[in-house]
Amino acid sequence: MTSSSSTGFRRQRFTDHDGTDYAAIFTSEYGGSDFASETAAAPEARYEYTVVGDDDLSLRTMRATGGRRGGVIGPRGDHVVFWLAQGHLEMHFADRSRVVLPGAPYIASASEAYRFESEETVYNGVHVADRFLRRVGRELGFRQPDGPLLFAQQDEVIARREPLRRLIRELSPALLDDRVQGAMRTALNRRLAVVVLDTFPLRDLGDDVPVANRLRDAIRFIEEHARERPPVRAIADAAGLGERGLQEVFVRTLGTTPSRFLRDHRLDEVRRELLRGRTEDAAGDVARAWGFTNAGRFTATYRERFDESPGTTLRAAQSATGVVQRATAFIESHAAEPLTVEQIAAAAGVRPRRLQQVFRDECGTTPMARVRAVRVGTERTPTAGNGVDD
């Protein structure tokens, strides 16, 4: 399916089911440029590639199963930020190689060529035109190198906050709407481009420190000193920014102020301690240890953030073993079916976020990792009557 408009907005879908050759996906999308050479998929591979957006920014997905894919991708007009939801991707650049696994975001700079190999991947990405990103950078007053824009990867302290993915979830209904075009779409594209520039450090800036590194330093300082409730001035000093500059980067990138970010982090740490369920301290004692001295105000803000009282969290945590047992029993009895975290959480009688936390704390893993382990175990279990003992 393909649709386009005179403004540059397009919606395209390529799939093996309609006879589209794998290499044709790339040559068609990039007008026969050097984007993809020697690109091919195994005969048994199944794939679907979608594009929604305009010439400045587009959202992409690739679902590929049943065989390996590979090729050489040359310099292009877009910077690509992507995540794997599943699968395995190897990227070989001129000076380095990288194995990309599900989870953390990865950026491929527009000017860098690479060879890739992948298998069983589900890919979600954002393509941002280099010219558009440069224009947004100039508007923000960012210094840019004389040569190509080359990005480093996000620091882990920023990656785990998922600023870009959060913004995409917020904006995706509008970005996927064919009716949103012109100035309104440009404004949405700009918001995403700003977060890319704020969270992926630019290389080759000499002595200039990228804003992404300053944001990293601010978050790290907050995490290390949260119990002390540092003032905004101290956070700004740690990041090498003025207070106004710190406020601006937090609001446009994380959608919050430094003060609220600090408060929410302290609330998250209180909840994390309560969810361990192994402390003899009352919820109020844990709260005071994280600088919440007004019990009534703390309870109100905790309930606002987590939709339950601190006492409810603590009582639920003390039955964490039961949550794991109920979830595991459901997984084992439904392993052959498509499962989601929401379904497992409902069967265990808790919210999805609570289920994730319990599995992380009690098992050191995730519910979906348990699903995969159960399925592998089922696949390897000898069938009845084959003469092999259990």
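Biologist: Before we look, what is a nonpolar core?

Modeller: A nonpolar core is a set of buried Ala, Val, Leu, Ile, Met, Phe, Trp, Tyr and Cys residues joined through side-chain atoms within 4.5 Å, where buried means under 20% relative accessible area with a 1.4 Å probe, counting protein chains only. This is a predicted model, in which local features need pLDDT of at least 70, side-chain atom pairs count only at pLDDT 80 or more, and totals for chains, interfaces and linings use all residues. Residues are numbered from 1 along each chain as its sequence is written, and side-chain values use heavy atoms, with hydrogens and water left out.

Biologist: Which residues touch the most other members of the largest core?

Modeller: That core has 61 residues, and those touching the most other members are Phe151, Leu164, Leu192, Ile219, Phe250 and Val270. Helix H5, residues 183-199, gives the most to this core, with 7 residues; helices here are DSSP runs of H or I with at least four residues, and strands are runs of E with at least two.

Biologist: And is there another core, and what is in it?

Modeller: Another core, of 22 residues, lies apart from it and includes Ala45, Val80, Met91 and Tyr114.

Biologist: Switching topic, is strand S2 mostly covered or uncovered?

Modeller: Strand S2, residues 10-15, is mostly covered, since 5 of its 6 residues are buried.

Biologist: Which strand does S2 pair with?

Modeller: S2 pairs with strand S4, residues 46-53, in the antiparallel sense over 6 bridges, where pairing requires that DSSP finds at least two bridges between the strands. Within S4, Glu48 is the bridge partner of Thr15.

Definitions and conventions: Buried < 20%, exposed > 50% of the residue type's maximum accessible area, 1.4 Å probe, protein only.
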